[in-house]
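Hi,

Here is the structure I promised to pass on. Please open it next to this email; my notes follow.

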Amino acid sequence: MSFAAAMTRYGDKVLIALGRKHWLGDGRMIRGPLADKIGKSFPPFAYFNNAFNAAPAWKWMLSIVPIYEAIDGVPIEKLDVNTTKVLAVTGGTFGTYAMFVYPRAWLLFACNAAMCSVHSYNLYRLSTAEKLEQK
């Protein structure tokens with residue numbers, strides 16, 4: 001693959017793929033001298049200021065919070081059916097996508113599989129509660 005073979009337009013910038021793994025750019029979400037200064041004095045800020053580190057952490061929260069709520073016994077009435085459906089489908093869709101990318105994104109797959117399964121379980125809880133109410 002030539003150096004310029006994989007060019008993608010992203011906003012006003014052109015990102016050039018290096019081989020099949022790396023993109024030019026650093027993934028920082030907050031830029032500028034103040035962000036650089038905070039990142040040097042507080043390394044966790046620099047770590048989570050990178051989209052490649054922050055996005056999976058945020059996505060895991062979409063799985064961990066419902067797991068806690070299911071174990072803790074949060075009432076079914078507090079669950080939003082539409083949000084639960086969308087998150088279950090999103091987990092299944094991106095879990096499948098994680099198996100098609102190169103290199104294989106096993107942690108991304110695990111995150112999305114957890115999201116799909118926990119929200120599918122919550123949908124099951126919702127449907128069971130509706131059936132019991134109808135009786």
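Trp60, Met61, Ile64 and Val65 make a nonpolar surface patch of about 330 Å². Keep in mind that this is a predicted model. Val65 sits in helix 3, which covers residues 51–72. Val65 counts as partly exposed because its relative accessibility is 40%, between the 20% and 50% cut-offs.

Which residues of helix 5 are buried? They are Cys111, Asn112, Ala114, Met115, Val118, His119, Asn122, Arg125 and Leu126. These buried residues pack against helix 3 and helix 4 (81–100).

Take Asn112, in helix 5. Its relative accessibility is 0%, so Asn112 counts as buried. Leaving aside residues up to four places away in sequence, Asn112 touches Lys59, Thr90, Gly91, Phe94 and Gly95.

Now the whole protein. It has five helices and three strands. From the N terminus, the order is β-β-β-α-α-α-α-α. Of its 135 residues, 22% are buried. The accessible surface comes to about 9900 Å². Carbon and sulfur atoms account for 66% of that surface. Among contacts between residues at least 6 apart in sequence, 50% join residues at least 24 apart.

Best wishes

Conventions. Residues are numbered from 1 along each chain as its sequence is written. This is a predicted model: local features need pLDDT of at least 70, side-chain atom pairs count only at pLDDT 80 or more; totals for chains, interfaces and linings use all residues. Side-chain values use heavy atoms; hydrogens and water are left out. Patches are made of residues with over 30% relative accessible area and no salt bridge: like charges are joined within 9 Å, nonpolar side chains (Val, Leu, Ile, Met, Phe, Trp, Tyr) within 5 Å. Accessible areas come from the Shrake-Rupley method with a 1.4 Å probe; for residues, only the protein chains shown count as cover. A salt bridge is a side-chain nitrogen of Lys or Arg within 4 Å of a carboxyl oxygen of Asp or Glu. Helices (H or I, at least four residues) and strands (E, at least two) are DSSP runs, numbered from the N terminus. Buried means under 20% relative accessible area, exposed over 50%, partly exposed in between (1.4 Å probe, protein chains only). Contact means heavy atoms within 4.5 Å.
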